[in-house]
Amino acid sequence: MISSAIFARYGRALADVVLAKGEDAVVLRDLNTYREIFRLVPALLEALDSPAVQREGKERVLSELLARYPVCQTVGNFLRILLDHHRIRYFAEICDSYLKTVNERKGIIAARVTSAAPIGEKDLATLRKSLSMATGNEITFSVDTDPGLLAGVIVQIGSMVYDGSIRAQLEEMRRRLTRQ
């Protein structure tokens with residue numbers, strides 16, 4: 001297994017290039033395209049990483065893939081570098097590191113919101129505004145649902161968890177009642 005420090009090194013290097021060129025939106029779109037391709041066809045990523053496949057064959061497969069699903073030059077070069085340095089199998093992890101680095105540099109904080117039922121856009125906008133005011137940063141969300149919460153939301157920002165779920169409130173009431 002490769003160290004997360006290596007993911008971070010590749011992610012930071014890509015972020016340096018992308019932010020200098022102002023290509024962050026295009027690069028994110030293109031990285032997500034290839035993330036989805038590799039997710040849908042895991043055998044492709046395995047072949048690109050396999051020591052049993054000769055280097056020329058891997059380069060040809062990647063070139064044909066880039067011809068069929070074109071991306072900006074920066075992402076194309078990045079994929080080739082990962083292939084050349086035998087890091088293509090860690091594409092998803094490096095992309096995660098890249099995104100984290102770009103968000104940090106732009107002052108954007110990622111939050112995970114879990115609710116009992118789907119949250120409407122108006123409520124998400126209100127929550128985003130509240131969290132932005134509390135943190136002083138722009139907030140991006142990933143939203144999940146967990147019917148076991150009964151009602152309310154859980155917000156996780158980094159290692160900090162804000163649990164406003166009914167399940168947590170009922171659990172706290174149970175603890176208080178059993179202590180008395």
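Which residues are linked with Arg 55 in a network of salt bridges? Arg 55, Glu 59 and Asp 84 make up that network, where a salt bridge is a side-chain nitrogen of Lys or Arg within 4 Å of a carboxyl oxygen of Asp or Glu. This is a predicted model, in which local features need pLDDT of at least 70, side-chain atom pairs count only at pLDDT 80 or more, and totals for chains, interfaces and linings use all residues. Residues are numbered from 1 along each chain as its sequence is written, and side-chain values use heavy atoms, with hydrogens and water left out.

The helical part comes first. Helices are DSSP runs of H or I with at least four residues, strands are DSSP runs of E with at least two, and both are numbered from the N terminus. The largest nonpolar core has 30 residues. Such a core is a set of buried Ala, Val, Leu, Ile, Met, Phe, Trp, Tyr and Cys residues joined through side-chain atoms within 4.5 Å; buried means under 20% relative accessible area, exposed over 50%, and partly exposed in between, with a 1.4 Å probe and protein chains only. Leu 31, Tyr 34, Phe 38, Phe 78, Leu 79, Phe 91 and Tyr 98 touch the most other members of this core. At least two residues of the core come from each of α1 (4–21), α2 (24–40), α3 (42–49), α4 (55–68), α5 (73–84) and α6 (91–106). The largest share, six residues, is supplied by α1. Leaving aside residues up to four places away in sequence, Phe 78 touches Tyr 10, Leu 14, Leu 31, Phe 91 and Ile 94, contact being heavy atoms within 4.5 Å. Another core lies apart from this one and has nine residues, among them Ala 111, Val 113, Leu 131 and Val 155. In soluble globular proteins, nonpolar side chains tend to be buried together.

Helix α4 can be followed in more detail. Its 14 residues reach 20 Å from the first C-alpha to the last, close to the 20 Å expected at 1.5 Å a residue; the expected span is 1.5 Å times one less than the number of residues. Gly 57, Lys 58, Leu 62, Leu 65 and Leu 66 of α4 are buried, and the buried residues of this helix pack against α2, α3 and α5. Arg 55 and Glu 59 also both lie in α4, four residues apart, about one turn of the helix. The closest N and O atoms of their salt bridge are 3.1 Å apart. Arg 55 is partly exposed at a relative accessible area of 44%, and Glu 59 is partly exposed at 33%.

The whole structure holds nine salt bridges. One of them joins Asp 49 and Arg 89, with the closest N and O atoms 2.6 Å apart. This pair links distant parts of the chain, since Asp 49 is in helix α3 and Arg 89 in the loop between α5 and α6, 40 residues apart. Asp 49 counts as buried at 18% relative accessibility, while Arg 89 is partly exposed with a relative accessible area of 46%. The side chains of Arg 29 and Asp 30 also meet in a salt bridge, at 2.9 Å from N to O. Arg 29 counts as exposed because its relative accessibility is 53%, whereas Asp 30, at 2%, counts as buried.

The strands come next. Four of them form an open sheet in the order β2-β1-β3-β4, with mixed pairing; two strands pair if DSSP finds at least two bridges between them. The edge strands are β2 (138–145) and β4, each with a single partner strand, so one side of each has no neighbour in the sheet. Strand β3 (residues 153–157) pairs with β4 (residues 160–163) in the antiparallel sense over four bridges. Within this pair, Val 155 stands opposite Tyr 162 and Gln 156 opposite Val 161. The two strands form a hairpin with two residues between them, and Gly 158 in the turn has a positive phi of about 65 degrees.

Helix α7 (residues 121–135) lies across β1 (108–115), β2 and β3, and runs at about 135 degrees to β2. Axes here are lines fitted to C-alpha atoms, for helices over the stretch in contact, and angles run from 0 to 180 degrees between N-to-C directions. Helix α8 (residues 166–179) contains Arg 175, which is partly exposed with a relative accessible area of 39%.
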